[in-house]
Amino acid sequence: MNEHENNSQINGFYIEPYSLFRDLLRNLWVIVLAGLIGLMGVRIWSQSIYTPMYTSTATLLVNLKNSASYSYTNLSSSSEMAQIFTGVFVQPTMKKNAAQHLGMDSFIGDVTAQELTNTNIFTVSVTSPSPETSYEELCAILEVYPEISESVFSDSVIEIMRSPNLPKSPSNSLSSRYKSLAVIGCSGATAALIVLLSLMRDTVKDERSFRRQIDAKLFGTVIHEHPHKKIR
């Protein structure tokens, strides 16, 4: 077995490029169909299992009372207060008071709060299956938070930098990236399977594979040429 034959083998499989390309070309419709099945699967999942969620967000600023100058010490203290308030806004008591303010039995959405690193600014968000519910519950939280913050943190004041917004689109929407990944993944897996089956198929693909697989002498080869097809 010569060096060229050794280079045409991977893990015992003989690779003949033309035969491999031909198998892929013949089964191109299967690869395309697999991609369409992947795309269809994503659409079915989005319509049957996927639940759109809407998030309303407000940006808040916390400062110390009676702080005439914005020194480094005041900013550092305000930043620490912002970290504390991010924990206060997600407490069950805050959600309970907001639900009572709206006349609801319970708070539906999920509340999250996040501080901007090394600043006295933090955001509060409410996420729920309804954009109106998210907006109304966040507005209720901003209405009732002084009742809790004033009694616990009397030396700080919170200002609203950006009011809550009414969500117009889901915050967990399915982007085209997921659809592309589904199509590429299914098509790629199908193409890989076709390549594997082509390599495993125990057939004579060329003269070198004949010498490896057939215990006989090769007298010659006959070239097969497809006839030119015409309308007649």
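A nonpolar core is a set of buried Ala, Val, Leu, Ile, Met, Phe, Trp, Tyr and Cys residues joined through side-chain atoms within 4.5 Å; buried means under 20% relative accessible area and exposed over 50% (1.4 Å probe, protein chains only). The model is predicted, with local features requiring pLDDT of at least 70 and side-chain atom pairs pLDDT 80 or more, whereas totals for chains, interfaces and linings use all residues. Residues are numbered from 1 along each chain as its sequence is written, and side-chain values use heavy atoms, without hydrogens and water.

**View 1. The largest nonpolar core has 24 residues.** Phe85, Phe89, Met94, Phe122, Ile141 and Ile158 touch the most other members. Two or more residues each come from strand 3 (54–64), helix 4 (72–88), helix 5 (92–102), strand 5 (121–128) and helix 6 (131–152); helices (H or I, at least four residues) and strands (E, at least two) are DSSP runs, numbered from the N terminus. Helix 6 contributes the most, seven residues.

**View 2. Surroundings of Ile158.** Beyond neighbours within four places in sequence, Ile158 contacts Leu60, Leu61, Val62, Phe85, Phe89, Phe122 and Tyr145 (contact: heavy atoms within 4.5 Å).

**View 3. Glu115 in strand 4 (residues 110–115).** Glu115 is buried without a salt bridge (a side-chain nitrogen of Lys or Arg within 4 Å of a carboxyl oxygen of Asp or Glu). The nearest side chain of opposite charge, Arg162, is 16 Å away. Excluding residues up to four places away in sequence, Glu115 touches Ser79, Ala82, Gln83, Thr86, Ile121 and Phe122.

View 4. Ile31, Ala34, Gly35, Gly38 and Val42 are the buried residues of helix 3. They lie on the same side of helix 3 because they cover an arc of only 100° around the axis.

Note on methods. Lys, Arg positive; Asp, Glu negative; His and termini not counted. Arc of directions from axis to C-beta.
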